[in-house]
Amino acid sequence: MKRNLLLFVLFLGSLSGVAQTQPSPRTLSLEEYLTWVDQYHPLLKAVGNRLPIAKAERLKARGAFDPTLVGDFASKEFKGEEYYRLPSWSLKSNTRGPVAVSLDWNQTAGLYTNPQDQLPEEGLFAVGGMVQLGNGLITDKRRTDLALAKAAVGLTEAQAELYRNELLLKASKAYWKWYSTHQSLGAYEKAIAAAREVYAFTMQSFTAGDASAMDTLDASALLSTWQADYYNARKDAIEALFEASNWLWDLDGNPVVLHSESIPAFDDPFELRTAKLDEDHPLVRYNSQKEKQLRIKRTLAREYLKPKVAVGGALIVAGNVNDLPETSELNTGDRLLKAKVEMPLLLREGRGYSRSTNLSLQSFQWERAARENAWNNDMTATANAILQLEQGVKVSIRNQRAMEDLLAAEKQKLEFGDSELIKVNLRTSYFLKSVIQTAKMQAELGIKKAEMKELTASY
């Protein structure tokens, strides 16, 4: 089926123009229709890009931990004298923990350098780092952004799946509206055909002297009534056909319009099964990742309640890039020590941030419980509705067949002179109503199954 659909869409792609028309009338099943929508509709293509975007954002967050190489050079010469020459480079990297490591090399030369900046002629290496002991010990902005980006991948994957199912539900509703109006239009065509038969018979009877002029007017009025209703039904069918066409595009990204005589089919192989939300459902996965992100933000907020305390240093050893020092030359006595303390006195930023994240997490948990409970209830209600509609469709089809037989019998009785026009009109109305009722119930059943697919993420 998918291969036939692909060939059909490839043929459409060879047509020219902005809005293509289906080349010939054909029966288009719901499965073919949704496969077409899923593969070529721009919104569904956009949904497919969401996960790669989230992965790109995760890669971007990982970039905050990439090593950084920095080189610097400054010199000054005046009236033939070299005041100073200060080459340097450093390699720094933030780890996934509270430690930042660095490797520096500096050299000084010239007549007018700061005494504390004077170094050995070959330069000086410094190997060390800094450790955050307060704010930044558990987490910091870099680590939080990376954790959020990792959670966003799972969140986006679930969100894309939910959105895809939502879009396919909307497309399914458009299909079933098209089906309902198409069936109704067919019912009015049958009603007009029956009225024409009655009108032709009445005119023959009038010519033979067996019917009055009033009977011919009555038969003509009956035909005109069904014709007026037919054009109204045709208007609805045309609107529904274009609404269904809104979801159809070809391989080249051009919109496609279904042929005016295309036929939708009542064929949905979806089998109802009892379902509950579980850990694999995209809604639960989305909510879990969203809650995880809020917890990550709360962890960062709590860090703002701590003072910033950083300690570190470096071991220093003389050398240059052409004559690297040996590890045996390292001396713990040759070192550089650093310490930094920063303490906000009122902690208003930390207290406000922490309170905000706590309340946001609590609000989301309440909203999650309500939404998942409503989702479960919708599953149960929709499953029950499907069972009732399936029984209703069976009864409606039996009724439609009976009304069709009664209409045929009434027309035959009219020909034999045992009936009246008013009875034929009544039988025609009953038959028409039964066809429309069956089509509406079938469409409603199809929509309910589509809703169940969306609720169970079965598309």
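Me: Among contacts in the protein chain between residues at least 6 apart in sequence, what percentage join residues at least 24 apart?
Reply: Happy to start there, keeping in mind that this is a predicted model. Contact here means heavy atoms within 4.5 Å. Taking the pairs at least 6 apart in sequence, the share that joins residues at least 24 apart is 77%.

Me: Is the protein chain a compact globule or more spread out than one?
Reply: The chain has 8 helices and 10 strands. For its 459 residues the globule rule gives 23 Å, but the radius of gyration is 39 Å, well over that value, so the chain is more spread out than a compact globule. Along the principal axes, its C-alpha trace spans about 135 × 50 × 35 Å. The answer, then, is more spread out.

Me: Which element gives the largest share of the largest nonpolar core?
Reply: That core has 31 residues, and Tyr-33, Val-37 and Trp-178 touch the most other members. Elements giving two or more residues to the core include helix H2 (30-40), helix H4 (141-208) and helix H8 (421-456). The largest share, 10 residues, comes from H4.

Me: How far apart do the centres of the positive and negative side chains lie?
Reply: The chain carries 57 positive and 57 negative side chains. The centres of these two sets are separated by 6 Å.

Note on methods:
Residues are numbered from 1 along each chain as its sequence is written. This is a predicted model: local features need pLDDT of at least 70, side-chain atom pairs count only at pLDDT 80 or more; totals for chains, interfaces and linings use all residues. Side-chain values use heavy atoms; hydrogens and water are left out. A nonpolar core is a set of buried Ala, Val, Leu, Ile, Met, Phe, Trp, Tyr and Cys residues joined through side-chain atoms within 4.5 Å. Buried means under 20% relative accessible area, exposed over 50%, partly exposed in between (1.4 Å probe, protein chains only). Helices (H or I, at least four residues) and strands (E, at least two) are DSSP runs, numbered from the N terminus. The radius of gyration is taken over C-alpha atoms; the globule rule is 2.2 Å times the number of residues to the power 0.38. Lys and Arg count as positive and Asp and Glu as negative; His and the chain ends are not counted. The place of a charge is taken as NZ of Lys, CZ of Arg, CG of Asp or CD of Glu.
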